[in-house]
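Hello,

Below is the structure I said I would pass on. My notes on it follow.

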Amino acid sequence: MQEAIRARVVQEPPLFEGEQTYERITAQIGDIPFEKHPIGWTVMFGLGFVGTTLLIFALVVLVAIGTGIWGINQPVAWGFAIINFVWWIGIGHAGTLISAILLLMRQAWRMSINRFAEAMTIFAVMCAGLFPLFHTGRPWVAYWLFPLPNWLAMWPQFRSPLEWDVFAVSTYFTVSVLFWYMGLIPDLAAVRDRAKSHLAKVISGILSWGWRNSAIHWMRYESAYLLLAGLSTPLVLSVHSVVSLDFAISIVPGWHVTIFPPYFVAGAIYSGFAMVLTLVIPFRILYPKLREYITMHHIDMMAKVMLATGLIVFYGYMMEAFFGFYSAAIFEKYLMTNRMFGPYWPVYWSLIFCNGLVPQSLWFPKVRHNLWLLFIISLIVNVGMWLERFVIVVTSLHRDFTPSAWGMYGPTFWDWATYIGTLGFFVMMMFLFARFVPMLAMAELKDLWYRLYGHGGEHNGHPKTEAPAPTRTGGGA
Amino acid sequence: MAHAAVVSRVYGIMAEFDSPEALIEAARRTRVEGYRRFDCYTPFPIHGLTDAMGVREAKVPWTVFICGLIGALFGFGLQVYTSAIDYPLNVGGRDFISWPYFIPITFECMVLFAAFGAFIGMLAYNGLPAPYHPVFNVPQFVRASVDRFFLCIEARDPKFDPERTRTFLQSLNPISISEVEA
């Protein structure tokens, strides 16, 4: 297998930029937490912090006054909260795809971006979870959603997809954290071994659980890691399928569609890869040494995945339109007409522009290798996926079966404040992660380097240190 | 240094190598020599190393499997108990045990329990957290997480003998040899 990987990858563009050694990989990545951070870090962290403050403010006002400060009302009771929930969860999915599915598919290029993408998953799911929590209006009784014995003898309704969501999202978050943290243990041990200050040694020592790189430990670790990947793969597919069932199990026009689960999963991966690119491109500028590990080949591969999933999503749009008109059901037909030419027509056509037209430029290698263009495209895709959720949630609800119940929906200042607040929280968490945690999986990169190029004798090492000391005793003494 | 006094305080003898290949060969020869209580330390997992050491086990996969099974039973049982036994609720004329509706949560519980099985199982079988371990007394050992490959024959091995084990490790041509204080 080692030979196969080597044969396949060596012909492709390099996964590493420049000559590496195990020492170099450890030093480049493991020392980032101890180095002075770039000025750009402070600026971005500051922006994120301001956003987080806005989020806290918006939530405090929400709890004090009630969900009436949002734009939601009948008939559109879901509004921004559900749009943003689905959007954030979708973004998280790319992290799990990279860390789990690409691991099972033995894609060597995942190694340098998995840690980063998994961190993104965790923070995105945190942002996602806030929305339904506060959308309940009474977040302090959110524990009612869990099957806890209580004196009302009341249990959750297990036949509702909304209850499935509670289980799916909380399991997804927990498993993502476990997967991410387990991958971190050996790298935190490497940080512990490099730490100069006592405090850093103690903290990384505690967090790495006393990991000592034992071969037997590695064996169990690898087995557990592979199994977690195997568990996360169906999990990630189930999570967005369950999210899509929130819609598809209802009978609302435009929601009651069988294509929803696969179409949602593809959209999730699509938006997630866009977010990975949105983050990776600036991080490569802020920390130039990351370019040795996240090469143009990685960027190219991510752009290709984005293109492929984008095509699936666009196929989904076409099928939705086809279902609508082919159904011969008056409400479904009206829904599609209303989406395209009703009051929300600019949103629908912007969505087609962002998710249908713009990604087609990724067919051209020149575009995939132009970082500025790619950054802009990834932002457009992020916006496009947000618009998709807006179209799904709002256009279906605002005009359903009875014209007397029709209405319009528009966000208020507090809707925007909460949404922008979560963006700030996300940015803040990503930059804190970059500051304190090894951003790339060092042990996996060393393993990959070894498998690609072999130990390579002298080029990998250091001049042999002064010879065996046969009479030396008492290691630490 | 009185010999006996040293022996009682020794955890093992550690040899340092500079390549995975050298370590695999050393592990194989240590095994052939008849040592059973020894371990290797490497900055990244090396395939074929545990085979060379003669270590083989599948405790983690079995733990994950059993935890997954318990999770699935728990998830399904929870829904059956709450919806059909403790508080039977007629929802749209469906069966009390409307099992197709219970599948998503059964699945999520299976994954959740299995994931905890993998994580906690891995740590528990490895004896982690370990606040103290003698191997860290060797000053070169900090490089086990960077670029060096270690093999340590432990004093509890029945074949362990301070002199002969050291001579044997010497024959493996390591970069250095150190005694590991307990």
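**Salt bridges**

B:R9 is partly exposed, at 48% relative accessibility (partly exposed lies between buried, under 20% relative accessible area, and exposed, over 50%, with a 1.4 Å probe and protein chains only). This is a predicted model, in which local features need pLDDT of at least 70 and side-chain atom pairs count only at pLDDT 80 or more, while totals for chains, interfaces and linings use all residues. Residues are numbered from 1 along each chain as its sequence is written, chains are lettered from A and ligands numbered from 1 in the order in which they are written, and side-chain values use heavy atoms, with hydrogens and water left out.

B:R9 forms a salt bridge with B:E181, with 3.3 Å between the closest N and O atoms (a salt bridge is a side-chain nitrogen of Lys or Arg within 4 Å of a carboxyl oxygen of Asp or Glu). B:E181 is in strand β4 of chain B and B:R9 in the loop between α1 (3–8) and β1 of chain B, so the pair ties together parts 172 residues apart in sequence. Helices (H or I, at least four residues) and strands (E, at least two) are DSSP runs, numbered from the N terminus. Over all chains, the count is 19 salt bridges.

Another of these joins the side chains of A:E292 and A:R24, at 2.5 Å from N to O. The pair links distant parts of the chain: A:E292 is in the loop between α9 (260–286) and α10 (296–326) of chain A, A:R24 is in helix α2 of chain A, and they are 268 residues apart. A:E292 is buried, with a relative accessible area of 16%, whereas A:R24 is partly exposed at 34%.

**Between the chains**

One salt bridge is counted between chain A and chain B. The side chains of A:R220 and B:E57 form a salt bridge of 2.7 Å, N to O. This pair crosses between chains, from helix α8 of chain A, which holds A:R220, to the loop between α3 (49–53) and α4 of chain B, which holds B:E57. A:R220 is buried, with a relative accessible area of 10%, and B:E57 is partly exposed at 29%. Salt bridges with shared partners join A:R220, B:E57 and B:K59 into one network.

The contact (heavy atoms within 4.5 Å) takes in 67 residues of chain A and 81 residues of chain B. Buried area is the accessible area (1.4 Å probe) that two parts lose on being put together, summed over both. Between chain A and chain B it is about 6,600 Å², and carbon and sulfur atoms give 66% of that. A:R159, A:R212 and A:R220 supply 13% of the area that chain A buries against chain B, more than any other three residues.

There are 21 residue pairs in polar contact between chain A and chain B, both at pLDDT 80 or more. A polar contact is a pair of N or O atoms within 3.5 Å; within protein, one must be able to donate a hydrogen and the other to accept it, and residues adjacent in sequence count only if both atoms are side-chain atoms. On the side of chain A that touches chain B, the elements giving two or more residues are α2 (22–30), α6 (161–194), α8 (215–248) and α16 (442–453) of chain A. α8(A) gives the most, with 17 residues.

α2(A) is largely enclosed by the rest of the structure because seven of its nine residues are buried. These are A:Y22, A:I25, A:T26, A:A27, A:Q28, A:I29 and A:G30. Their cover includes α6 and α16 of chain A, together with α2 (20–33) and β3 of chain B.

**Inside chain B**

Strand β1 (residues 10–17) of chain B has eight of its eight residues buried. β1(B) pairs (at least two DSSP bridges between two strands) with strand β4 (residues 176–181) of chain B, antiparallel, over six bridges, and B:M14 stands opposite B:S178 there. β1(B) also pairs with strand β3 (residues 149–154) of chain B, again antiparallel over six bridges; B:G12 stands opposite B:E154 in β3(B).

In β4(B), B:S176, B:S178 and B:V180 point one way and B:I177, B:E179 and B:E181 the other, all of them buried.

Helix α4 (residues 59–86) of chain B holds B:V80, which is buried at 14% relative accessible area. B:V80 touches B:I85, B:I97 and B:F102, leaving aside residues up to four places away in sequence.

Regards
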